[in-house]
Amino acid sequence: MPQEVINILLAGLGTIITGLCAWAVTAFTKWMSTKTKDAKFNKFVCTIAELTMNAVKEVYQTYVEAIKTEGHFDKEAQEKALEMCLAKIKSQLAPDMLDFIGNNFGDVTNYLKSLIESTIYSLKNK
């Protein structure tokens, strides 16, 4: 086979390999991007759940238990406990986490109230 044919074949093969490498790098980058987003999503969800659990336990320990001991735990006290939990969680959430909740779950306050109620239910029915 003449040298010119070999050079043409090598040039063509080099172009194909370069294209495949570019495609592989793009595919790998996309795959890593989805893994990073999922990891960030999971981290945020776990952090928010942990903050909620801690706030519920704290408000129960410092407020609800005392009111129940006095026999004054009524609807008003229940609403106050919910607002205390909500304020505690919001004060501990970073701005990017608040944005994350808004972007993924809608209204931040409604989502957190639902999470608080769910956490209380889980703790009561352990």
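Me: Is Phe100 buried or exposed, and where are the cut-offs set?

Reply: Relative accessible area is the guide: under 20% is buried, over 50% is exposed and in between is partly exposed, with a 1.4 Å probe and protein chains only. Phe100 has 9% relative accessibility, so it counts as buried. Phe105 has a relative accessible area of 35% and is therefore partly exposed. The model is predicted: local features need pLDDT of at least 70, side-chain atom pairs count only at pLDDT 80 or more, and totals for chains, interfaces and linings use all residues. Residues are numbered from 1 along each chain as its sequence is written, and side-chain values use heavy atoms, with hydrogens and water left out.

Me: How many aromatic pairs does a search of the whole structure find?

Reply: Rings of Phe, Tyr and Trp (its six-membered ring) pair if their centres lie within 6.5 Å; planes under 30 degrees apart are stacked, over 60 edge-to-face, and the rest tilted. The search of the whole structure gives five aromatic pairs. One of them joins Phe100 and Phe105, edge-to-face, at 6.0 Å centre to centre with 80° between the planes. Phe105 also pairs with Tyr111: the ring centres are 4.4 Å apart and the planes are at 10°, so this pair is stacked.

Me: Which residues do the ring pairs link into a cluster?

Reply: The cluster consists of Phe41, Phe44, Phe100, Phe105 and Tyr111.

Me: Which charged end sits over the ring of Phe73?

Reply: A charge sits over a ring if NZ of Lys or CZ of Arg is within 6 Å of the ring centre and within 35 degrees of the ring normal. For Phe73 the charged end is that of Lys68, 5.3 Å from the ring centre.

Me: How many helices and strands are there in the protein?

Reply: Helices (H or I, at least four residues) and strands (E, at least two) are DSSP runs, numbered from the N terminus. The protein has four helices and zero strands, and its pattern along the sequence reads α-α-α-α. Helix α2 covers residues 75-92 and includes Ala81.

Me: What does Ala81 touch, leaving out residues up to four places away in sequence?

Reply: A contact means heavy atoms within 4.5 Å. On that count Ala81 touches Val59, Tyr63 and Val64. Tyr63 is 18 residues from Ala81 along the chain, with 7.2 Å between their C-alpha atoms. Ala81 is at 8% relative accessibility, so it counts as buried.

Me: What share of the protein's 126 residues counts as buried?

Reply: The share is 21% of the 126 residues. Among contacts in the protein with a separation of 6 or more, 66% are between residues 24 or more positions apart.
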